[in-house]
Amino acid sequence: MAVATNKACLDACAECQEACEACAYNCCVNDTKMADCARLCLDCAAICGACVTLVSRGSKWASRLCQLCAEICDACAAECDKHDNDYCRTCAAACRSCAQECRAMA
């Protein structure tokens, strides 16, 4: 079963998606100068959601998408690391974890 064997990747992607959505929202609400961070978080959340979908159904494309997801997660973590607030730190940590799990899948 694809879900059982890939649980760590699924969990990391879902957690990252949630953290990115929260970070993007807070960037928009709290500081209009953080638009780049918000846009990257939204892109990261979208690809994490796509990974959850493809990995959970065992798609043959999942590993290739996970590779791209890891790259976007790295970029998002680097952007969030530039900002000194809790939601960006939480997002960066989730992105790093997701990138690691997605690389293991790829």
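This passage describes the packing of helix α4 against helices α3 and α5 in a predicted model. Residues are numbered from 1 along each chain as its sequence is written, and local features need pLDDT of at least 70, side-chain atom pairs count only at pLDDT 80 or more, and totals for chains, interfaces and linings use all residues. Side-chain values use heavy atoms, with hydrogens and water left out.

Helix α3 spans residues 35-56 and packs on α4 at an angle of about 155 degrees, with the axes 9 Å apart (helices are DSSP runs of H or I with at least four residues, numbered from the N terminus; axes are lines fitted to C-alpha atoms over the stretch in contact, and angles run from 0 to 180 degrees between N-to-C directions). The two helices α3 and α4 are therefore roughly antiparallel (an angle over 145 degrees). The crossing of α3 over α4 is left-handed (the near helix is turned anticlockwise from the far one by less than a right angle). Contact (heavy atoms within 4.5 Å) involves residues including L40, C44, I47 and C51 of α3 and L65, C69, I72 and C76 of α4. By class, this contact of α3 with α4 has 20 nonpolar, no polar and three charged residues (Ala, Val, Leu, Ile, Met, Phe, Trp, Tyr, Cys and Pro count as nonpolar, Asp, Glu, Lys and Arg as charged, and the others, Gly among them, as polar).

Helix α4 (residues 62-80) also packs with helix α5 (residues 86-105), at about 155 degrees and with an axis separation of 8 Å. That angle makes α4 roughly antiparallel to α5. The crossing of α4 and α5 is left-handed. Among the contacting residues are E71 and D74 of α4 and R96, R103 and M105 of α5. The contact of α4 with α5 comprises 15 nonpolar residues, one polar and four charged.

How values were computed. Angles under 35 degrees count as roughly parallel, over 145 as roughly antiparallel, 65 to 115 as roughly perpendicular and the rest as oblique.
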